[in-house]
Amino acid sequence: MEDSPTDGGRRSFLSWFLGTSTGALVLSVFYPILRFVSPPHVPEASTSQVEAGSTHDPELLEKGFKIVRFGAEPVILVRVSETEFRAFAATCTHLDCIVEYRPGDGQIWCNCHNGVYDLNGRNVAGPPPRPLEAYEVHVVSKGAGQPGALVVSRT
Ligand code: FES
């Protein structure tokens, strides 16, 4: 049986259609995978200091600590006493869990594998291999009768 001229046209249209559909399907599947595997480089803004609330911050008063953002980094701000505050990188040096402060023990604790740091950021128990990076905390006066602002900066 011979092909009529319209069969050839249909066939070439079908070939073109299937070819482009398959190409589009392959592209729609692999493009996101490629973008995930190799994301575009986005330069991170460097942060030199952040304002992390006030000395009377309810979270600090209640829990004794809070996690603040320092650029892309989580930082744990600890209220050691009414007038003393300390800050450290909040990412555990073991496997990157976020640490917390236990005011009763006076320790920074990682609940993932029971890692413990002292209030100088030194790793004192559990699996963490290195100390937490320390940050400086400055109390900036906001005027008479006003609670001071807590400013966290790199050491
Ligand atoms: S991730 Fe913190 S102790 Fe393992």
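**View 1. Gly 148 and the residues that it touches.** Gly 148 touches Gly 53, Ser 54, Thr 55, Val 139 and Val 140, where residues up to four places away in sequence are not counted and contact means heavy atoms within 4.5 Å. This is a predicted model, in which local features need pLDDT of at least 70 and side-chain atom pairs count only at pLDDT 80 or more, while totals for chains, interfaces and linings use all residues. Residues are numbered from 1 along each chain as its sequence is written, and side-chain values use heavy atoms, with hydrogens and water left out. Gly 148 is found in the loop between strand S9 (134–140) and strand S10 (149–154); helices (H or I, at least four residues) and strands (E, at least two) are DSSP runs, numbered from the N terminus. With a relative accessible area of 10%, Gly 148 is buried, a word that means under 20% relative accessible area, whereas exposed means over 50% and partly exposed lies in between (1.4 Å probe, protein chains only). From Gly 148 to Gly 121 there are 27 residues in sequence and 24 Å in space, taken from C-alpha to C-alpha.

**View 2. Asp 57 in the loop between strand S1 and helix H2.** Strand S1 covers 49–54 and helix H2 covers 58–63, and Asp 57 is found in the loop between these two elements. Its relative accessibility is 12%, so Asp 57 counts as buried. A polar atom of the side chain of Asp 57 lies 2.8 Å from the backbone nitrogen of Glu 59; a polar contact is a pair of N or O atoms within 3.5 Å, and within protein one must be able to donate a hydrogen and the other to accept it, while residues adjacent in sequence count only if both atoms are side-chain atoms. Once its neighbours within four places in sequence are left aside, Asp 57 is in contact with Ala 52 and Lys 66.

**View 3. The disulfide of Cys 97 and Cys 112.** A disulfide is a pair of cysteine sulfur atoms within 2.5 Å, and by this rule the count comes to one. The sulfur atoms of Cys 97 and Cys 112 are 1.9 Å apart, and the torsion about their S-S bond is about -95°, so the disulfide is left-handed. Cys 97 lies in the loop between strand S4 (85–89) and strand S5 (100–102), and Cys 112 in the loop between strand S6 (107–110) and strand S7 (115–117), so the pair ties together parts that are 15 residues apart in sequence. Cys 97 counts as buried at 18% relative accessibility, whereas Cys 112, with a relative accessible area of 36%, is partly exposed. Asp 96 also lies in the loop between S4 and S5, and it has a positive phi of about 70° although it is not a glycine. With a relative accessible area of 56%, Asp 96 is exposed.

**View 4. The antiparallel strands S5 and S6, and S6 with S7.** S5 and S6 pair in the antiparallel sense over three bridges, where two strands pair if DSSP finds at least two bridges between them. The bridge partner of Tyr 101 in S6 is Ile 108, and Ile 108 stands opposite Tyr 117 in S7. S6 and S7 likewise pair in the antiparallel sense over three bridges. In the hairpin of S5 and S6, which has four residues between the strands, Gly 106 takes a positive phi near 65°. The hairpin of S6 and S7 has four residues between the strands, and there Asn 114 takes a positive phi near 60°. Most residues other than glycine have a negative phi. At 46% relative accessibility, Asn 114 counts as partly exposed.

**View 5. Asp 118 in the loop between S7 and S8.** Asp 118 lies in the loop between S7 and strand S8 (123–125), and at 16% relative accessibility it counts as buried. The backbone nitrogen of Asn 120 lies 2.8 Å from a polar atom of the Asp 118 side chain.

**View 6. Charged ends over the rings of Phe 65 and Trp 109.** A charge sits over a ring if NZ of Lys or CZ of Arg is within 6 Å of the ring centre and within 35 degrees of the ring normal. The charged end of Lys 63 sits over the ring of Phe 65, at 4.7 Å from its centre. The charged end of Arg 102 sits over the ring of Trp 109, at 3.9 Å from its centre.
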